[in-house]
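Student: I have a structure open and would like to talk it through. Could we go over it step by step?

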Amino acid sequence: MYDIIIVGAGPAGMTAAIYARRAARTVLVLEALSYGGQIINTPDIENYPVEAHISGFDFSTKVYEQAKGLGAEFKFEKVVGLRDEGAVKTVVTQKNEYQAKAVILATGSENRKLGLEDEQKLTGRGVSYCATCDGNFYRKKVVAVVGGGNTALEDALYLSDLAQKVYLIHRRDSFRGEETNAARLSERENVEIIYNANVTRLLSEKRLTGIEVTNKLDGSVRTLEVNGLFIAVGRVPENENFAGLVDLDEAGYVAAGEDCHTRTPGVFVAGDNRAKMLRQLVTATADGAMAATEAVKYINAMA
Ligand code: NAP
């Protein structure tokens with residue numbers, strides 16, 4: 001029996017572990033694959049206080065070591081369910097069940113798919129959701145990025161340093177991402193921006209060989225020969241496994257305020273899977289601190 005089980009070892013979950021350990025609570029952090037979460041794919045973090053530049057991997061490793069150093073236990077098992085038995089919460093993984101007095105859900109989000117035929121089959125064969133992970137395979141090749149948020153803009157910038165040519169395909173005529181990123185992109189000679197268009201078909205032999213792009217305004221279809229397609233159309237929260245115990249908003253985020261309380265006493269939420277105005281590293285770590293503090297208060301009130 002742990003005091004607090006934290007589901008998810010991204011910035012929110014690991015910060016919650018630091019705060020819970022500093023309050024002398026026993027802590028188990030459960031994570032499917034490895035620590036870090038989404039930020040691990042960011043090559044250069046420039047907007048977190050103290051370090052002007054740090055890679056997502058280095059940042060995550062430092063936080064992981066900090067949490068471990070304070071005595072948080074980590075297990076790498078995928079969580080598939082949560083049961084509320086009042087004073088005891090049971091977290092179910094693919095291998096085991098663990099019990100705690102309080103649980104913090106810090107599961108973050110996963111890449112949104114385009115939903116195209118063969119998208120899954122071609123993932124790793126020309127289709128990617130992570131430019132910084134896979135960009136190196138496309139040196140001097142032709143790639144396309146789809147999306148109009150900061151991730152798509154930053155991916156296109158990153159890839160334009162490596163690839164021979166980058167198409168950026170966005171479904172509207174203006175970007176959702178920051179103006180500074182858009183301005184930097186417009187200066188890149190090897191970037192072609194295609195507005196008001198959707199990727200409507202993936203062409204392949206064994207690997208991706210091209211894409212069909214349909215103009216939303218006139219319906220015209222253009223075939224682009226590309227070696228790689230980087231899909232950056234946002235993320236979806238990973239909350240389905242807990243839907244019975246927490247309220248979700250229409251987009252699937254846990255409906256919880258700044259205090260990180262869910263509708264189930266003793267179950268808290270922290271980070272990108274919570275409904276919020278701004279999803280950034282700094283707001284994720286802030287949530288981790290808040291959720292752990294509230295969980296400790298909840299446990300103290302039980303005693
Ligand atoms: P996002 O801001 O939600 O943008 C997703 C983009 O994908 C939007 O342009 C959207 O189009 C488009 N889209 C969604 N579904 C689509 C579909 N089915 N087909 C085609 N296009 C589709 O996601 P994000 O870029 O991953 O960013 C997530 C959050 O992280 C944001 O708050 C972002 O600012 C932040 N972020 C920050 C940094 C940074 O500070 N350095 C870096 C990366 C991300 P519409 O615009 O038409 O909706």
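Student: How many disulfides does the count come to?

Tutor: Please keep in mind that this is a predicted model. The count comes to one disulfide.

Student: Which residues does the disulfide join?

Tutor: The disulfide joins Cys130 to Cys133, with an S to S distance of 2.0 Å.

Student: And why is the disulfide right-handed?

Tutor: The disulfide is right-handed because the torsion about the S-S bond of Cys130 and Cys133 is about 75°.

Student: Let us change topic to the sheet. What is the order of the five strands?

Tutor: The order is E8-E15-E9-E10-E11. The sheet is open, and the pairing is parallel.

Student: Which strands stand at the edges?

Tutor: Strand E8 (127-128) and strand E11 (191-194) stand there. Each has a single partner strand, so one side of each is left without a neighbour in the sheet.

Student: How many bridges join E8 to strand E15?

Tutor: Two bridges join E8 to E15, which covers residues 228-231, and these two strands run parallel. In this pair, Val127 stands opposite Leu229 of E15.

Student: What holds strands of a sheet together, in general?

Tutor: Strands of a sheet pair through backbone hydrogen bonds, either parallel or antiparallel.

Student: Now the whole chain. Into which domains is the protein chain divided?

Tutor: There are domain 1 (2-110 + 235-302) and domain 2 (119-231). Their C-alpha centres lie 32 Å apart.

Student: Where does the ligand lie relative to domain 1 and domain 2?

Tutor: The ligand lies between domain 1 and domain 2, because both give residues to the shell around the ligand.

Student: Of the 18 residues around the ligand, which come nearest?

Tutor: Those that come nearest are Thr151, Glu154, Arg171, Arg172 and Arg176.

Student: How many residues of the shell are nonpolar, polar or charged?

Tutor: The shell has three nonpolar residues, nine polar ones and six charged ones.

Student: Which atoms of the ligand and of Glu154 are 2.8 Å apart?

Tutor: A nitrogen atom of the ligand is 2.8 Å from an N or O atom in the side chain of Glu154. For Arg171, an N or O atom in the side chain is 2.9 Å from an oxygen atom of the ligand. At Gly149, a polar backbone atom is 3.3 Å from an oxygen atom of the ligand.

Student: What percentage of the ligand's accessible area does the protein cover?

Tutor: The ligand has 910 Å² of accessible area on its own, and the protein covers 74% of this area.

How values were computed:
Residues numbered from 1 in each chain as written. Predicted model: local features only at pLDDT ≥ 70, side-chain atom pairs only at ≥ 80, totals over all residues. Heavy atoms only, no water. Pairing = 2+ DSSP bridges. Helix = DSSP H or I, 4+ residues; strand = E, 2+ residues; numbered from the N terminus. Domains from an automatic or database assignment. Near = heavy atom within 4 Å. Polar contact = N/O pair within 3.5 Å; in protein donor to acceptor, adjacent residues only side chain to side chain. Areas by Shrake-Rupley, 256 points an atom, 1.4 Å probe, with all protein chains shown as cover. Nonpolar A, V, L, I, M, F, W, Y, C, P; charged D, E, K, R; others polar. Disulfide = S-S within 2.5 Å.
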